[in-house]
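This briefing is meant to be read alongside the sequence and the coordinates. It starts with the nonpolar cores, and then turns to helix packing, the chain as a whole, individual residues and backbone geometry.

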Amino acid sequence: MSEERKTLEQRHQMTDLERLRHSAAHVLATAMLRIWPEAQFAAGPPVETGFYYDVELPHRVSPEDFERIEAEMKAEIKANHVFERVPLSRDAALEMARSGALGALGPRPEASKFKLDIIQGIPEGEEITIYRNGDFTDLCAGPHVMRTGNIGAFKLTSVASAYYKGDERNPQLQRIYGTAFKNKTEMEAYFTMLEEAKKRDHRKIGKEMELFTFDDDVGPGLPLWLPNGTVLIEELEKLAKETEFAGGYDRVRTPHLARESLYITSGHLPYYAESMFPPMELPGLTNPETYYLKAMNCPHHHKLFAAVPRSYRDLPLRLAEYGTCYRYEQSGELFGLMRVRSMQMNDAHIYCTEDQFEAEFNAVNQMYLKYFQIFGIDKYLMRFSTHDPAKLGQKFVDQPELWVKTEEMVRGVLQRSGINFVEVPNEAAFYGPKIDVQVWSAIGREFTIATNQVDFAVPRRFGLVYKTRENTEATPLCIHRAPLGTHERFIGFLIEHYAGNFPLWLAPQQVRILPIGDEEPLLEYARAILAELRGAGIRAGIDAGTDKINGKVLRAEEQKVHTMLVLGRRDLDAGAVSVRVHGKGNLGAKPRAEVIQDIIEAARTRRA
Ligand SMILES: [Zn+2]
Ligand SMILES: [Zn+2]
C-alpha cells in the first residue's frame, strides 16, 4: 500500500498547529544537515501528535543524538529566519534537485534523489514552489508559519523506520518524530497527558482487571472477552437496545459470512478486498463457491430490506444489529483493542425517503448527545465531510442534486441542534456525505469512535425499492450509523476515560459485602443483603474469608469493586451497613434498606 499524495487543497486546510509542526519539520531537516550534510530527505508532514521527517542517512539516528539535533534546531529558531516562498518552473526545480540543493543547505555532490522523484510525481500544470529558511531550501507546497521563531516549543520524540512512500519495494528510511507547540505550557500539558495516558493504557488496565485477553492460538487481533469484560459488553448492548427500541428500531441477526456475489453487488469486491480476510473456497454442486467473512453489516441488512415487499408505510425502517465484522488489518497495525481483526459493531441502517431524511438524521444526532451525557463526554467534534462538485463521477457518485440536497439537510440539522461540528470539503465517501465523530477522554486524548454515512448509491446497486403513495417504485436513502462504534474501540476508550473506575452501572463488580469476622449471625446478615441485591440484578458478592477487614478492603480496592459494604457487629445490631466507595473512601454507616435502594437506583438510572 502506498501513501497517497495530499492535494494542494488538502494542504491548505492545515490547522495553525499543523502549520507550526510542519514548519518544525523544516527546522529539523535544517539542524540535521548541519550535522550530516549528506542526509537525503524525503517527506516531512505534520501528524496527529506532531511531525516527522523521513531521511536516508548512513548514520543510525538514536535518541542519544536528539540533544545535539535539538541544539541545532534551537539555534535555527533563535535566528528567526523567514519562511520564504519561491515559485519556480518544473525545469528549474528539477535542476535544483539534480544539483543536490533541495532538502539541503546548498548544492551537493549527490542529487536530492527523493525530491527529484517527488517533482516528477507532481501533476503537469500544478505550481511548484520551494521554501527557504536561512540557507535551507526545500521542495514544499507549504503552508508554514511566518518565521522559524514562531515555533514556541518543540521536542524530538522517537525514531522509527519507514519505506519511502510507504512502499516496501522502496528504500528504507529513518523516520525522525517530534512534536511542537505554540508555547512551553501547552507542550508540558501534552506530556503530562501522555504520562497519564500511560497509566490508563487500556491494555494494562484490561489485564489488571481481567477484562480481555489475546492468545496466539486464537490469533492476533482477535480479542477474547473474560467475564469482567463481557459485563461491559452486555451493559453497553443493554443501553443500545433500550435506546434503539425507544427510537423505533427493529433488531435483526445476520451470519458472519456470505458469498462473493454479495460483495460484488455491494462494491466491496474487488476494491476493498485487501481489508477483507482471504476468501474461503467451498465445494459447490457444479463449481467451487467462494465465501468471505463479512467486513461490514450493510450488505446483509440491504438483503433484509429486500426480503419483504416494502411500501412507503414501512418507512423509515431502522434495522439494528450488534454485528460482528472481520477486517484483515496488517499485523503491524494491530494495537490492543483499538485496532483489531474482529469487532462487534453498534450498527444500524435506516432506510427512509428524502422527506424523512432530516428527522431521521436529527434523531441519530440526538442519540449521540444522549450517549455523551451518560458517559460524561464533555468534548466532542463532528467532522462533516462533503463532496466536491468538480469530482462528480470520479471521486463522488454522479448525483449532483442529491448531494446538494442531503448536504444542506445535514448542515441544517447540525446547525439547528447546536452540535459542535466542522465541515471538511472533498472528504465525503464515494456514495454520500459522512460524519466522523471524535471524542476526547477525561484526560484530553482524542479518539475517533464512530462514522455516520448517508448513502444514496448502494441501495440502487442492490435494487432496493419501495412502493410510493402513488404506487410507483422508488429507491430509499440509507443512513449508516454506529454511535457506540465497536465494542472493542469504545471499551478501549472507556477504560482510559474512567481509568478503569467505571460508574456503578458499568462496573464489572458492583458491590462486595465485607463481613468483619466470620460469626454466623453476621454471615447470615451478609447473605440476606446479597440475596436482595442479586435479586434486583446487582452484581454483588461476599468476601467471607477469615482475614482482617483491612486486607479485604485493600483487595476490593485493587480489583476496583465499585461499592463495598462493610458489616460489623454494630451494623448488624442497628440494621445498618457501612458504605465505602472505590476512590471515594468511607461514607459511613447508613440504614440497610436505604443503601440497597440507592444502589439499585444508581444502576437503573446509569448514574455517573
Ligand atoms: Zn514545508
Ligand atoms: Zn453500513
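In this predicted model, the largest nonpolar core has 91 residues, and those with the most contacts inside it are Ile513, Ile529, Leu565 and Leu567. Leaving out residues up to four places away in sequence, Ile513 touches Ala526, Ile529, Leu530, Ala540, Ile542, Leu565 and Leu567.

**The chain as a whole**

- The protein chain contains 18 helices and 28 strands, and its C-alpha atoms fill a box of roughly 90 × 70 × 55 Å when the box is taken along the principal axes.
- Of the 608 residues in the protein chain, 36% are buried.
- Among contacts in the protein chain with a separation of 6 or more, 69% are between residues 24 or more positions apart.

**Packing of helices H4 and H5**

- Helix H4, which covers residues 90-98, and helix H5, which covers residues 113-121, have axes that come within 8 Å and cross at roughly 160°; H4 is therefore roughly antiparallel to H5.
- The crossing of these two helices, H4 and H5, is left-handed.
- On the H4 side the contact involves Arg90, Ala93, Leu94, Ala97 and Arg98, which meet Lys115, Leu116 and Ile119 on the H5 side; by class, the residues of this contact are 5 nonpolar, no polar and 3 charged.

**Packing of helices H11 and H12**

- Helix H11 (residues 354-374) packs against helix H12 (residues 400-416) at an angle of about 35°, and their axes are 10 Å apart.
- The crossing in which H11 passes H12 is right-handed.
- From H11, the residues Glu354, Phe357, Glu358, Phe361, Asn362 and Asn365 meet Lys405, Thr406, Met409, Val410 and Val413 from H12, and this contact divides into 5 nonpolar, 3 polar and 3 charged residues.

- Gln510 is placed in the loop between helix H14 (487-498) and strand S24 (511-515), and it counts as buried because it has 23 C-beta neighbours inside 10 Å.
- Although Gln510 and Arg539 are 29 residues apart along the chain, their C-alpha atoms are separated by 5.3 Å.
- Beyond residues up to four places away in sequence, the contacts of Gln510 are with Leu504, Ile538, Arg539, Ala540, His562, Thr563 and Ala603; Ala540 is also among the residues that Ile513 touches.

**Ser342, in strand S16**

- Ser342 belongs to strand S16, which covers residues 342-352, and it counts as partly exposed because it has 18 C-beta neighbours inside 10 Å.
- Leaving aside neighbours within four places in sequence, Ser342 is in contact with Leu222, Thr324 and Tyr326.
- The C-alpha atoms of Ser342 and Ala295 are separated by 8.9 Å, while the two residues are 47 residues apart along the chain.

**Cis peptide bonds**

- Leu269 and Pro270 are joined by a cis peptide bond with omega of about 5°, and Pro270 is found in the loop between helix H9 (260-266) and strand S13 (280-282).
- Pro270 counts as exposed because it has 9 C-beta neighbours inside 10 Å; from C-alpha to C-alpha, Pro270 and Glu260 are 9.9 Å apart in space and 10 residues apart in sequence.
- Leu315 and Pro316 are also joined by a cis peptide bond, here with omega of about -5°, and Pro316 has its place in the loop between helix H10 (298-306) and strand S15 (317-326).

- Asn80, a residue other than glycine, has a positive phi near 55°; Asn80 is placed in the loop between helix H3 (66-79) and strand S4 (84-88), and it is partly exposed because 14 other C-beta atoms lie within 10 Å.
- Arg606 is not a glycine either, yet has a positive phi of about 55°; Arg606 lies in the segment after helix H18 (592-604), and it counts as partly exposed because it has 17 C-beta neighbours inside 10 Å.

Technical notes:
Residues are numbered from 1 along each chain as its sequence is written. Chains are lettered from A and ligands numbered from 1 in the order in which they are written. This is a predicted model: local features need pLDDT of at least 70, side-chain atom pairs count only at pLDDT 80 or more; totals for chains, interfaces and linings use all residues. A nonpolar core is a set of buried Ala, Val, Leu, Ile, Met, Phe, Trp, Tyr and Cys residues joined through C-beta atoms within 7 Å. A residue is buried if 20 or more other C-beta atoms lie within 10 Å of its own, exposed if 12 or fewer, and partly exposed in between; C-beta atoms are placed from the backbone. Two residues are in contact if their C-beta atoms, placed from the backbone, lie within 7 Å. Axes are lines fitted to C-alpha atoms, for helices over the stretch in contact, and angles run from 0 to 180 degrees between N-to-C directions. Helices (H or I, at least four residues) and strands (E, at least two) are DSSP runs, numbered from the N terminus. Angles under 35 degrees count as roughly parallel, over 145 as roughly antiparallel, 65 to 115 as roughly perpendicular and the rest as oblique. A crossing is left-handed if the near helix is turned anticlockwise from the far one by less than a right angle, and right-handed if clockwise. Ala, Val, Leu, Ile, Met, Phe, Trp, Tyr, Cys and Pro count as nonpolar, Asp, Glu, Lys and Arg as charged, and the others, Gly among them, as polar.
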